[in-house]
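Subject: Handover of a structure

Dear colleague,

Please find below the structure that I am handing over to you.

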Amino acid sequence: MFDVGFWEFALIGVIALIIVGPERMPGIARTAGMYAGKAKRFIAKIQDDVGEELEVDKLKEQLNAMDKDANIVEIFDETKQAISDIKTDVDKTKS
């Protein structure tokens, strides 16, 4: 996402060291690391949620396709039954 390499981080670290001083730098680094970890976990959670939603959408599509197939099978069964009934009626009229 951001193209930040080693030298950019080193420059930011040197500038921060000059501005805040060496005695406060460890606390600030620890706090920055904590917030970076929280941000990373937040982004990972969002990615997981989006992935789950995509899986749910795929499952819904599959269920809809299966439902359509089930409807087709029911129509075929009903058609077969109707043809069978017609054949029975025709056979009865011939006799």
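This is a predicted model: local features need pLDDT of at least 70, side-chain atom pairs count only at pLDDT 80 or more; totals for chains, interfaces and linings use all residues.

In which helix is Lys-87 found? Lys-87 is found in helix α2; helices here are DSSP runs of H or I with at least four residues, strands are runs of E with at least two, and both are numbered from the N terminus.

Residues are numbered from 1 along each chain as its sequence is written, and side-chain values use heavy atoms, with hydrogens and water left out.

Overall form

The chain has 2 helices and 0 strands. Its radius of gyration is 34 Å, well over the 12 Å that the globule rule gives for 95 residues, so the chain is more spread out than a compact globule. That radius is taken over C-alpha atoms, and the rule is 2.2 Å times the number of residues to the power 0.38. Along its principal axes, the C-alpha trace spans about 110 × 20 × 10 Å. Of the 95 residues, 2% count as buried, where buried means under 20% relative accessible area, exposed over 50%, and partly exposed in between (1.4 Å probe, protein chains only). The chain exposes about 8,900 Å², of which carbon and sulfur atoms supply 65%; accessible areas come from the Shrake-Rupley method with a 1.4 Å probe, and for residues only the protein chains shown count as cover.

Helix α1

Helix α1 covers residues 6-20, and its 15 residues should span 21 Å at 1.5 Å a residue; the end C-alpha atoms are 21 Å apart, which agrees. The expected span is 1.5 Å times one less than the number of residues. Gly-21 follows α1 and has a positive phi, near 90 degrees.

Leu-11 is found in helix α1 and counts as exposed because its relative accessibility is 53%. Together with Val-14, Ile-15, Ile-18 and Ile-19, Leu-11 makes a nonpolar surface patch of about 530 Å². Patches are made of residues with over 30% relative accessible area and no salt bridge; like charges are joined within 9 Å, and nonpolar side chains (Val, Leu, Ile, Met, Phe, Trp, Tyr) within 5 Å.

Helix α2

The structure holds 1 salt bridge, defined as a side-chain nitrogen of Lys or Arg within 4 Å of a carboxyl oxygen of Asp or Glu. The side chains of Asp-49 and Lys-45 meet in it, at 3.4 Å from N to O. Being 4 residues apart in helix α2 (residues 25-94), Asp-49 and Lys-45 are separated by about one helical turn. Asp-49 counts as partly exposed, at 34% relative accessibility.

Lys-87 counts as exposed, at 53% relative accessibility. Lys-87 and Val-14 are 73 residues apart in sequence, and their C-alpha atoms are 93 Å apart in space. Phe-76 also has its place in helix α2. The C-alpha atoms of Phe-76 and Pro-22, 54 residues apart along the chain, are separated by 81 Å.

Yours sincerely
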